[in-house]
Amino acid sequence: MKSFKYTLCGMLASTVLAGAISAPAFAESSVVQVSKKPRQDYDALGLSVGSFYLMPSAVGGVTIDDNIYATDTGKVDDTIFNVKPEVGLYSNWNNNSFAVIASADLGYYDQNSREDYEDYTLTSYGTLEVMEGTYFDAGVDYSKLHEDRGSPDSLGAVADPTEYNVFKANVAFTRDLSLLSMKLFADYTRRNFKDADLVGGGINNNDDRDRKRYNVGLRLGYEIGDSTEAYVLGTRNKVEYDNSQEDGGPLRDGNGYRLVVGGVLDITGTTSIDVYAGYLNHDYDSSALKDVGKFTYGAAIEWSPTELTSMKLGVSQDVVETSVSDENALGAFVPVAGILNTGVDFTIEHELMENLILSGIASYARQEFIGTVREDDVLGFGLAGEYLINRNLRLKLRYDYSDKSNEVGRGEFSRNKIMASLKLQW
């Protein structure tokens, strides 16, 4: 009997969108991506602390960005110095597991210091096995982050990137029997946005963006064969804003659900296919916001044709919270209910040598601003090479290109980034 495990969130998420509603759970693949393969001579050993391993690391790098404000005209380039320390404490137990990870992402601009950012994250998660095939998962996560200038909610009039805090908590119960499996899960997310200074003076009040999201879900699976499973997945969510009407906006509270059926084909070590289709719904409490109800679909496909090459394809669709306004079919500016984000993401990795890994990524997302005529097309492309010097040092070079376009002429930009970094790990 093959054991299927499941992740609590979808494989694909846009880098410029946050707060996706009710992302489906994909099966955990048995395919090991090239960059995740164990390498006896190059993997950090960590420090043994009783029944735990302490895994510290630090990354120092330089990024050249030719469009730091993500604008269509008047582009400004700069050099950013990055520091990314991290320390993780991981259990070394036979059955159960527990981990605590603290990390930071610090960015300092050479010419435009108001763009400097200091992001921090503290994460803890664990698994408790009650008996064979029955276990609980739980986790909490707190982050202090900043909003990327390319985000749909990032106003060009703010003098500094908008900062916000995110608290997440999740719990899940899994029962995996001979033919049947069940996973019941719930999660909670709290987002709190800080006010931002405006160019020329004044404050942009972001209190109307503060919100909570509750999500519960149930996944039932039936094993058809050793490597094949059919499943049905249902999720229910509720979004509550602290006061979305504070600055004259609409009541953005709402609730929704997603019901899908899917299938998993997992050929151990070489191929993993998880596809689903169903119905997505989200209703808003305000009649000023257009409800969402539509056919939805998704996929997570991983393939390793050889031991040296791996590929991953993801397709997903989510409704994302927003507080912006845009033009409707009558030419009037109205509040956007949400952003329907449909994305495709492809990654390929190749081991040129045991200590030299090349990778490429291509992505496309269609972002439909619900209730308006605006539809953004977001393209992404990237190339990277990582050289493993020894078990303590890694050198990485990366190039990223991103482009956003639409027919309304708002929020468009193209952007190039070149990054070089050195990672020290123990």
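Predicted model: local features only at pLDDT ≥ 70, side-chain atom pairs only at ≥ 80, totals over all residues.
Residues are numbered from 1 along each chain as its sequence is written, and side-chain values use heavy atoms, with hydrogens and water left out.

Let me begin with the whole chain. The protein has 24 strands and 0 helices, where strands (E, at least two residues) and helices (H or I, at least four) are DSSP runs numbered from the N terminus. Its radius of gyration is 22 Å, close to the 22 Å that the globule rule gives for 426 residues, so the protein is as compact as a globular protein of that length; the radius is taken over C-alpha atoms, and the rule is 2.2 Å times the number of residues to the power 0.38. The C-alpha trace spans about 60 × 45 × 40 Å along its principal axes. Of the 426 residues, 44% are buried, and by buried I mean under 20% relative accessible area, with exposed being over 50% and partly exposed in between, using a 1.4 Å probe and protein chains only. If we take contacts (heavy atoms within 4.5 Å) between residues at least 6 apart in sequence, 58% of them join residues at least 24 apart.

Now to the aromatic rings. How many aromatic pairs does a search of the whole structure find? The search finds 7, counting rings of Phe, Tyr and Trp (its six-membered ring) whose centres lie within 6.5 Å, with planes under 30 degrees apart called stacked, over 60 edge-to-face and the rest tilted. One of them joins phenylalanine 136 and phenylalanine 173, a tilted pair at 4.9 Å centre to centre with 50° between the planes. Phenylalanine 136 lies in strand β7 (residues 134-146) and phenylalanine 173 in strand β8 (residues 163-176), so the pair ties together parts that are 37 residues apart in sequence. Phenylalanine 136 is partly exposed at 36% relative accessible area, and phenylalanine 173 is partly exposed at 23%.

The rings of tyrosine 257 and tyrosine 279 have centres 6.1 Å apart and planes at 40°, so that pair is tilted. This pair links distant parts of the chain, with tyrosine 257 in strand β14 (residues 254-267) and tyrosine 279 in strand β15 (residues 271-284), 22 residues apart.

Finally, the single residues. Is aspartate 187 buried or exposed? Aspartate 187, which lies in strand β9 (residues 180-193), is buried, with a relative accessible area of 17%. Not counting residues up to four places away in sequence, aspartate 187 touches Ala169, Asn170, Arg213, Tyr214 and Asn215. Asparagine 165, in strand β8, is also buried, at 18%, and its contacts beyond four places in sequence are Tyr142, Ser143, Lys144, Arg190, Arg191, Asn192 and Lys194.

Glycine 201 sits in the loop between β10 (196-197) and β11 (203-204), and at 47% relative accessibility it counts as partly exposed.
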